[in-house]
Amino acid sequence: MRSKVVYVCQNCGAKESKWVGKCPQCGEWNSFVEEVENVSRGKRNAPVIGNTSSRPLKLSEVKVNADERMNTGDEELNRVLGGGLVPGSMILLGGEPGIGKSTLVLQFALRNHCGKVLYVSGEESVSQIKMRAQRLGLENDECFFLSGNSLENVLEHARVMQPRLLIIDSIQTLATEGVDAIPGSLSQIRECTNTLLRFSKENTVTTILIGHITKDGQLAGPKILEHMVDTVLHFEGDQQHMYRILRSMKNRFGSTSEIGIYEMLQAGLRQVTNPSELLLSNHGEDLSGIAVAATVEGVRPILLEVQALVSTAAYGTPQRSATGFDARRLNMLLAVLEKRVGFRLGSKDVFLNIAGGIRVNDPALDLGVVMAVLSSNIDVALPEGVVFAGEVGLSGEIRAVSRIEQRVSEAEKLGFNQIYIPLGNKKSYLKSPSRIKVQFVSQITEICRSLFG
Ligand code: TYD
Ligand code: MG
């Protein structure tokens, strides 16, 4: 074995023999870090998945247990994973520090009934984990805990124990003797993940890696990590709000459009089965600038409260700011309002906020945003019990949106009495609900006339 010094881009993994300021591969600046590489001659450390002596097979010869999913005991997590954990798969769970990754994983590990679990923590001692478990009020003798950061040690125990589930908290704290670099560096992360991947496929152990996220929202270390694993989950939300959203960014065994919603309480995370109730504030009074939008995230309808504040610009250039909504999209909607409806918004400051700190990417939110802005602009509250769903086009037309029946029935379920939806959805909308009045609209001007006179 000989060692050599290489410079490795911490963003994409490109290697150079000398330090360079800008990565020639991914274009990232200042991403090169010196690492020592041990090169063992002949034997490459590539992951070997499955049996090395296997022969090519026809699909008809391959046996699969398609329905063999491990129930995590957590409905939200099950749904985001596409129906539970796939045995032998590797999952990467990313999120900012303090968001609740360790809590989420520990909670379901202690609750799960699928067999032995090995939880490895490189960040906390076993007594700290015990304290956390006590806080959660959970105990499970099928769960084993190991504190440390040596990969060799972890594998040694895992081989003896043969757990069904292996949890690594976090991959950035793990190190192998085979690589001469600090834990968390690209070559350590890559090597450890490779070895764990091989172990997990050979022994059909489901592995969950917890990964840190840098301040710009990237998984710390490498993009390559995301390529290696089967599923990438992000746990997000902000510290001020109690809501946490679990999103699937990549999933080889399910859809990526599902989200799971949790609430962080004193005794752990609570699954939120009806998010709309949580996200709507029951302010009671008639306040201007507030509209409720019926959105869909994944396949799940969520009613959101959109708050807008329009005021005269104090300085020359009007300010526009949006939280939880794309600022460029807001500018576009304001331009549409200016041009098509004749509202003079050019000299106004506009602030927009989606209540609850939640962020959805649903074009149907447009109509709610527009109505909140208009309501704040003329300082007239929207009638109570009204919900909006519709995409707004450049000429002020209201365009059809997906899953309209779900949106309507969610609004109906939560006791709203009127919903404005695009005329374009009329054809596909067959069953008429009993308790909620459905209004079809095709133009912004039309809906303004009917609501503000
Ligand atoms: P943690 O799971 O340690 O976050 P991560 O592993 O992502 O860094 O969560 C830490 C935060 O969660 C911490 O600020 C305290 C809070 N928390 C609760 O509010 N209730 C609880 O029951 C637990 C265990 C943590
Ligand atoms: Mg943690």
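How many Å separate the centres of domain 1 and domain 3? Taken over C-alpha atoms, it's 49 Å.

Before you click around: this is a predicted model, where local features need pLDDT of at least 70, side-chain atom pairs count only at pLDDT 80 or more, and totals for chains, interfaces and linings use all residues. Residues are numbered from 1 along each chain as its sequence is written, chains are lettered from A and ligands numbered from 1 in the order in which they are written, and side-chain values use heavy atoms, with hydrogens and water left out.

**Stop one: the domains.** Colour 2-39 as domain 1, 69-273 as domain 2 and 277-452 as domain 3; these bounds come from an automatic or database domain assignment.

**Stop two: ligand 1.** Select ligand 1 and the 16 residues surrounding it (a heavy atom within 4 Å). Gly98, Ser102, Thr103, Leu265 and Gly268 are the closest. Now look for polar contacts (pairs of N or O atoms within 3.5 Å). An oxygen atom of ligand 1 sits 2.6 Å from an N or O atom in the Ser102 side chain, and an oxygen atom of the ligand is 2.8 Å from a polar backbone atom of Lys101. The protein buries 77% of the 550 Å² that ligand 1 exposes when taken alone (Shrake-Rupley method, 1.4 Å probe).

**Stop three: the largest nonpolar core.** Here 45 residues come together: buried ones (under 20% relative accessible area) of the Ala, Val, Leu, Ile, Met, Phe, Trp, Tyr and Cys kinds, joined through side-chain atoms within 4.5 Å. Select Leu365, Val369, Met371, Val373, Phe388 and Ile447, which touch the most other members. Domain 2 and domain 3 each give this core at least three residues.

Technical notes:
A polar contact is a pair of N or O atoms within 3.5 Å; within protein, one must be able to donate a hydrogen and the other to accept it, and residues adjacent in sequence count only if both atoms are side-chain atoms. Buried means under 20% relative accessible area, exposed over 50%, partly exposed in between (1.4 Å probe, protein chains only).
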